[in-house]
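Trainee: I am new to this structure. Please take a close look at one chain for me, and then at where its partner touches it.

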Amino acid sequence: MMSKIAAPSTLGFEWVLGNVQLGVLVLDTALQVRFANPWLLRRARLPANQVVGRELYEVFPGLRGSHFASRLQHCLNTGFPVLLSESLNPAELPLYATTGPATPEKRLKQSIQIMPMPAEVAQAAGERLVLIQVSDVTPAVARERLLKQQAERMHAMAHLDALTDIGNRRHFDLMYAREWRQALRARRPLSLVLFDVDHFKSYNDHYGHVQGDACLKAVAGVIESLAIRPLDVVCRYGGEEIAMLLPETDLYGALQQAQLALDRVRERALEHAGCERGVLTLSAGVACELPEPGQAADTLLLMADRALYQAKRQGRDRVCTLQLADILQA
Amino acid sequence: MKLSELEHDALVEVFNLGVGQAASALSQLAGEPVLLTVPKVELLSKQAVLDQFSSDPGARISAVRQTFEGELCTEALLMFPAAQSLRLVQIMVGENLPLEDLGEMEQEALAEIGNILLNSVLASVSDQLELALEGSLPEVELGVVSDVLLTEHDHSRPFLSLQVRFEIASRRIEGYLVFVLDVCSAALLERKLAALIKRLQCE
């Protein structure tokens, strides 16, 4: 037979509450603070006599009119417990780490639970109390933020071209598929410009690969500086090919952007001894489509690619787009 | 037990009053208007709830559970398809969530959203149907829909199921609120509902 073991004495319970590692605040229905445990007092940096026996909003004036106040009122009205999460609420109570400055940005991140005393207990106890528990979730918040930052960084890295710092082919493929769908849904035109550095092979042969890399970087920088609208995407498509995806842009607009990029690169006057002009130039193929349901998604890509081929064949350093005749001929 | 048209309308009214209260609290939190509506209320078997939720029995959901006791005993579950719960928290918290699952802090945010909604709905039920109730704190459960919907329950036990629609900044998210009722509670609910309808008709 088990012997009956008595519950701790009142003093024993006081000792337990005094050592609980979370904040405990007990109110009555008039919102007078009836009890505050040492964990809470130390972090509020207040002595017990400035807290216990006083009204909650006198002790913490910042709580007046807060979401905390309206949820506490809801709890008193309905008798249902209330949870205040850290993510949806600013640090409500002015609690700080036990050391260091008590500045607003140093407030502890808090998860708060408000529990009313059940009616039956209240009847037996002769009064109704409300229990407020405060957990310090500062470490969990920091951990989660770190995790998210790392996920964001990894995501960015997986979509970036290491040499030129613009989007890579993986990023282009994703953006292309997304923007094609978007254009189809919104019945808006989608334009694509494919750029290629003229005589890049001879540039590399003449100046070496290190200089070749620097040249690609410079060209990518020029093209990316033209993609100023939030939806414009510039990616390294292949070796010395760079793609510029222009959502909600008609053919005229895309041709202008392409010509501007060619002009800017020519103005940079990057020396290129291997071609007639003596400076580095680009060729560009431009295409624009108003996607139709059932149309193959790679249509735009094929048209831009063929236009680029035409620009090369017609003597490079120029922008080309396919005319209807070219399309019908093919 | 099957809901008559009068009972159905009275319940929709009670629940809409509840979600209306929740909407104003959620709007305050989100900093933009949150609209909540209850388009549908049904008494369903567990199997029917499962079918309604998803054609895929292995579909993952996020749920907020609270127990309410008193004159009536019920487990209240607010359930969302996992992706919808992520979107809801993302909209409410107002930041991008690059993670594929709800993190610890986001689960807590979902618990708070559920707590606001469940408390308001149950407060309305308690007021309108004159039932004294007490509640527990919310708990978040992530998992497969059939696991979350308490396997030990007898399949024939009725579930009171409501569809809840959240509209925040022109984005729409749909969840289901399910009350697991025991036989006594179902019968009591029916009696209280009849009393409410009578009161409304006398007015």
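Mentor: Start with a definition: helices (H or I, at least four residues) and strands (E, at least two) are DSSP runs, numbered from the N terminus. Chain A has 12 helices and 10 strands by that count. This is a predicted model, where local features need pLDDT of at least 70, side-chain atom pairs count only at pLDDT 80 or more, and totals for chains, interfaces and linings use all residues. Residues are numbered from 1 along each chain as its sequence is written, and chains are lettered from A and ligands numbered from 1 in the order in which they are written.

Now the layout of chain A. An automatic or database domain assignment sets the bounds. Domain 1 covers 10-145 and domain 2 covers 159-329. Their centres, taken over C-alpha atoms, are 60 Å apart. The C-alpha trace of chain A spans about 100 × 50 × 45 Å along its principal axes. Of the 330 residues of chain A, 35% are buried (20 or more other C-beta atoms, placed from the backbone, within 10 Å of a residue's own).

Next, the partner. Two residues are in contact if their C-beta atoms, placed from the backbone, lie within 7 Å. On that rule, 23 residues of chain B meet 24 residues of chain A. Four elements of chain B each supply at least two residues to its side: α1 (5-30), α3 (82-93), α4 (104-128) and β4 (133-135). The largest share, 11 residues, comes from α4(B).

Key
Buried ≥ 20, exposed ≤ 12 C-beta atoms within 10 Å, placed from the backbone.
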